[in-house]
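Have the structure open beside you and follow along.

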Amino acid sequence: MATKTGVPVAAPGDGRPDAKLSKEEVLRYSRHLIMPEVGMEGQLKLKQARVLCIGTGGLGAPLGLYLAAAGVGQIGLVDFDVVDFTNLQRQVLFGTSDVGRPKITAAADRLRNLNPEIRIDAIEERLSSENALELFRDYDIIVDGTDNFPTRYLVNDACVLLGKPNVYGSIFRFEGQITVFGYPDGPCYRCLYPEPPPPGLVPSCAEGGVLGVLPGIVGTIQAAETLKLIIGKGQPLVGRLLLFDALGMKFRELKLRKNPDCPVCGENRTLTKLIDYAEFCGIRGEEAPSTVTNIPEITARELKARLDRGDDIYVLDVREPHEYQICNIHGHLIPLGELPQRVHELDSSREIVAHCKSGKRSAQAVEFLQKAGFRKISNLKGGILAWSDEVDPSVPKY
Amino acid sequence: MAVKVIIPTPLRAYTGKRESVDVQAATVGEALSAVTTQFSDLKKHLFSDDGRLRSFVNVYVNDEDIRYLQKDQTSVKAGDTISIVPSIAGGARD
C-alpha cells in the first residue's frame, strides 16, 4: 500500500507499532496534532514509519534529533566511527564527554533520551555492497548523510534497486546541495552525476573545512523532506536540486531530470546489482600512489636533531596562510598553489625540507621542485602532525 | 551577450576566489571558454583532456541542465546566469 506520495505505510502485522497514540504521546506531539497538515493521521504515519540514517555526523546529527523529536517510530543509525574532538564543532548529537565513544552508542543514547517512545536501531557497521540491500529492506526511507563518493553511489544504487526514496544532502565549506532521489519516476544520483570525480581533484571536508552550522541547516532540510514524505504533504524536493550558500545566504533551485540513459534507473539499465564502489570511484589507485615512492623523506625526529646540530636546512611550509596562523614550525611559507610562481625565492644550493599538515601536499611540492631541478630536497614525513607527535606536543593538531 | 557565470565554492580557488565571472558569449561553450581563458587553472577541473565537460560537473543555464538543451551549443541571452555545479560529497565525518 502506498500513500499519495508513494512512500509505503504500515501493513498490518509486519511488526510496526499500533496505529494509536498513548496519553503521553498525545501530550508530547500536541504541537503536531493541533496543526491540520500533520494532525492525528500524520502523527500515526510518523509513528509507523521506519527511516534509516546513513552516518551520524554533521548531517546525521540534526536529522536524527528532529526525526526522533517528531516521533518517527523506528530510526536506524548506521556508523562505525568514534567521536573525536574535531567532530564537536558541528556534530551536535555529541558532547565533550562522548569523545572516544562509538558514535552509534552516543547517538542512540542521546536520541533515546530525547524520545523514549520510539525505537532506535544502532547499527555499528560499515555500509558495504554486501550488507546494504539487507539493511535497507526494513526501512521506508533512506537518508544519505555520508561524506564520501563510494558510499553515495552505493546508497543511490541500493535505493534504486529496492525502490526506496533517498533523501540526499551534501556539503562543502559553506555550500550545500539537497534533493530527493529514488522516488517513483524521479531522477537518481547517477542521473545527476554519472561518475564521481577522480580522487584528489575535489578536496574533502578534512582538507577544505566546513562551516559548523552548514550541516545543521542541510541536515535539517533533509529532516523536513523526510517528514513530508512520511506524512504525504507538501511538495517534495523531487526533480529539484536545492543549492544553499551560507555566505551569500542564498537558496537556488535547479531542475533535475531523469536521465533516460541512466545505467541504474534508465530504460536500458545495465546495473542490476551492487558493484565494487571503491573501484568505481578509483579509490584503490589513490591508496597506492606510484609517484610518492621516489620522494625522499625525513622524519620529524631526524629533522629536529639536524636543526639542533646547526645543519643549514631551509624549512619550506607549503600550507595556506590561515593554517600557518593555527600553528607553525617557523618555516618559510609558500602555499603549494603559489609555488610555480615563487620558485625563484628558493635557493637550490641549500638543503630544503618541505612540509604541510600531513605530508601529502608537501610530497607534491617536492615532486614539483625535483622536476624544476632541485636536488637537495626532502619531504617531512607525516607533516606538522608528526612534528607535534614526535618532537613538540605544544604544537596544536588541527 | 553579457552573461554571469557562477563559480561554485570548490572551484573558487582557481578563479582568484571570485564567486562569479561576467563574460561576453552567445553560447554556453563560448562562455565557459571565456572563463577558462581568463582563469586557465580552472580548465582541467571542467574539461577532460579531450575537451569534454567532465561527468561530475554539470552546467545549467538559469535552472535548466544543458545536457537536456543543446549542450555547449545552448544559446544564451543577455542577463542569463550560467551555473557550474560540481559533485560534492561532504557530510558525516571530517
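**Entry 1: a helix and what covers it.** I began with the buried residues of α1 in chain B, whose cover includes β1, β2, α2 (43–46), β3 and β5 of chain B. My contact rule is that the C-beta atoms of two residues, placed from the backbone, lie within 7 Å. My helices (H or I, at least four residues) and strands (E, at least two) are DSSP runs, numbered from the N terminus. Before going on, I noted that this is a predicted model, where local features need pLDDT of at least 70, side-chain atom pairs count only at pLDDT 80 or more, and totals for chains, interfaces and linings use all residues. I also noted that residues are numbered from 1 along each chain as its sequence is written, while chains are lettered from A and ligands numbered from 1 in the order in which they are written.

Which residues of α1(B) are buried? I found B:V28, B:A31, B:L32 and B:V35. For me, buried asks for 20 or more other C-beta atoms within 10 Å of a residue's own, exposed for 12 or fewer, and partly exposed is in between, with C-beta atoms placed from the backbone. Seen down the axis of α1(B), the buried residues fall within an arc of 95 degrees, so they line one face of the helix. That arc is taken over the directions from the helix axis to the C-beta atoms.

I then checked how the helix sits: α1(B), residues 28–38, lies across β1, β2, β3 (57–61) and β5 (81–86) of chain B and runs at about 120 degrees to β2(B). The axes are lines fitted to C-alpha atoms, for helices over the stretch in contact, and angles between N-to-C directions run from 0 to 180 degrees.

**Entry 2: the sheet of chain B.** I read an open sheet of five strands in the order β2-β1-β5-β3-β4 in chain B, with mixed pairing. In chain B, β2 (20–24) and β4 (64–65) stand at the edges with a single partner strand each, so one side of each is left without a neighbour in the sheet. Pairing here takes at least two DSSP bridges between two strands. β1(B), residues 2–6, is antiparallel to β2(B) over five bridges, and I traced B:A2 to its bridge partner B:Q24.

In the loop between β1 and β2 of chain B I stopped at B:K17. B:K17 is not a glycine, yet its phi is positive, at about 65 degrees. Is B:K17 buried or exposed? B:K17 has 8 C-beta neighbours inside 10 Å, so I logged it as exposed.

**Entry 3: cores.** The largest nonpolar core has 98 residues, and A:V51, A:I75 and B:A31 touch the most other members. A core is a set of buried Ala, Val, Leu, Ile, Met, Phe, Trp, Tyr and Cys residues joined through C-beta atoms within 7 Å. Helix α10(A), residues 213–231, gives the most to this core, with eight residues. Apart from it I found another core of 19 residues, including A:V353 and A:F374.

**Entry 4: where the chains touch.** I counted 38 residues from chain A and 23 residues from chain B in the contact. On the chain A side, β5(A) gives the most, with four residues. By class, that side has 17 nonpolar, 12 polar and nine charged residues. Ala, Val, Leu, Ile, Met, Phe, Trp, Tyr, Cys and Pro count as nonpolar, Asp, Glu, Lys and Arg as charged, and the others, Gly among them, as polar.

I looked at β5(A) again: seven of its seven residues are buried. A:N166, A:Y168, A:S170 and A:F172 point one way, and A:V167, A:G169 and A:I171 the other. β4(A), residues 141–144, runs parallel to β5(A) through three bridges, and A:I142 has A:N166 as its bridge partner.

**Entry 5: a second sheet.** In chain A, five strands make an open, parallel sheet in the order β9-β13-β12-β10-β11. β10(A), residues 313–317, and β12(A), residues 351–355, share five bridges, with A:L316 partnered by A:A354. Helix α16(A), residues 360–371, packs on this sheet, touching β12 and β13 (377–380) of chain A, at about 175 degrees to β13(A).
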